[in-house]
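Colleague: Could you take me through the features of a model like this one, giving me the general idea each time and then the case at hand?

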Amino acid sequence: VERDRVTVAVGPDVTEAVGDGGERLVPRGLDELTVAFDEGSADAMLSPGARAVAMTMKIYGDSHSGNCLKVKWVADYLGRAYEWIETDILKNETRTPQYLAMNPAGQVPAVILDDGRPLAQSNAIMIHLAEGSRLIPVDAYDRARMLEWLFWEQYSHEPYIAVARYRVKLLGNDVSTLEERLVQRGWAALQRIEDGLADGDFLVG
């Protein structure tokens, strides 16, 4: 904020508002913010409603998705304020021009952080939110082990467990219609987690 001037940016795909009597900032396809100036002061401040939008992280997620829920649960555990924006993948809500402008991958979850920057991929979001908290090991080796499990989860757990759950729970398919390989890999993934927890309550730390 400079004297008699304010610039507000909410992300890479928004227009910038600069003014000296109250300006409106309209992010393309997202939300609207209002900037107001205090009479007789060189300082600028957001109106109460705009401040809530500007300073609250937004999580775009489908509540049926485990990848989305784990981001929500990390935010809840850390006490982070956020606005949950239900984004239905079955209705192609991740394929709209507005959503793709925010996340070109067209996937959930995605977040707009409280500083306006976007971030996608569930594990990347979780790591960013948890940085500096007890969820991230301080020891370099333990941190690498945490990442090892996160990478494994997306490559050797999610493709089988999540896909099977999606087909049965959301699409209504009978379990008997699942490919044998999918079921076998799913059970193997669950067993790996059980083995990892054999000596403690946590996989790492």
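**Reading the model, feature by feature**

Modeller: Let us begin with a single side chain, bearing in mind that this is a predicted model: K70 is found in helix α2, which covers residues 66-78.

Colleague: Is K70 buried or exposed, and with which side chain does K70 form a polar contact?

Modeller: K70 counts as buried because its relative accessible area is 13%, and buried here means under 20%. The side chain of K70 is joined to that of E153 by a polar contact of 2.9 Å. Beyond residues up to four places away in sequence, K70 touches S122, N123, M126, E153 and Q154.

Colleague: How should I read a nonpolar core, and which residues have the most contacts inside the largest one?

Modeller: The general idea is that in soluble globular proteins nonpolar side chains tend to be buried together. In this model the largest nonpolar core has 15 residues, and those with the most contacts inside it are M57, I59, V71, V111 and L129. At least two residues of this core come from each of β6, α2, α4 and α5, and α4 gives the most, with five residues. Taking L129 as a case, and leaving aside its neighbours within four places in sequence, one finds it in contact with M57, V71, V74, A75, L78, R80 and L113. There is also a second, separate core of seven residues, which includes Y60, C68, V108 and I112.

Colleague: How many residues of α4 are buried, and what covers them?

Modeller: Helix α4 is mostly covered, with seven of its nine residues buried, namely S122, N123, I125, M126, I127, L129 and A130. The cover over these buried residues includes β6, α2, β8, β9 and α5. After α4 comes G132, which has a positive phi near 85°.

Colleague: What about aromatic rings: how many aromatic pairs does a search of the whole structure find?

Modeller: The search finds two aromatic pairs.

Colleague: Where do W149 and W152 lie, and by how much of a helical turn are they separated?

Modeller: The general point is that an α-helix has 3.6 residues a turn, so residues three or four places apart point the same way. W149 and W152 are three residues apart in helix α5, residues 140-170, and are therefore separated by about one helical turn. Both W149 and W152 are buried. The charged end of R192 sits over the ring of W149, 4.6 Å from its centre, and R192 also lies over the face of W152, at 5.1 Å from the ring centre.

Colleague: Finally, how do I read the backbone, and which peptide bond is cis?

Modeller: As a starting point, most residues other than glycine have a negative phi, and most peptide bonds are trans. In this model the peptide bond from V108 to P109 is cis, with omega near 0°, and P109 is found in the loop between α3 and β8.

Colleague: Where is N92 placed, and what is the phi of Q121?

Modeller: N92 belongs to the loop between β7 and α3 and has a positive phi of about 60°, although it is not a glycine. Q121, which is not a glycine either, has a positive phi of about 75° and is placed in the loop between β9 and α4. With a relative accessible area of 42%, Q121 is partly exposed.

Methods: Residues are numbered from 1 along each chain as its sequence is written. This is a predicted model: local features need pLDDT of at least 70, side-chain atom pairs count only at pLDDT 80 or more; totals for chains, interfaces and linings use all residues. Side-chain values use heavy atoms; hydrogens and water are left out. Helices (H or I, at least four residues) and strands (E, at least two) are DSSP runs, numbered from the N terminus. Buried means under 20% relative accessible area, exposed over 50%, partly exposed in between (1.4 Å probe, protein chains only). A polar contact is a pair of N or O atoms within 3.5 Å; within protein, one must be able to donate a hydrogen and the other to accept it, and residues adjacent in sequence count only if both atoms are side-chain atoms. Contact means heavy atoms within 4.5 Å. Rings of Phe, Tyr and Trp (its six-membered ring) pair if their centres lie within 6.5 Å; planes under 30 degrees apart count as stacked, over 60 as edge-to-face and the rest as tilted. A charge sits over a ring if NZ of Lys or CZ of Arg is within 6 Å of the ring centre and within 35 degrees of the ring normal. A nonpolar core is a set of buried Ala, Val, Leu, Ile, Met, Phe, Trp, Tyr and Cys residues joined through side-chain atoms within 4.5 Å.
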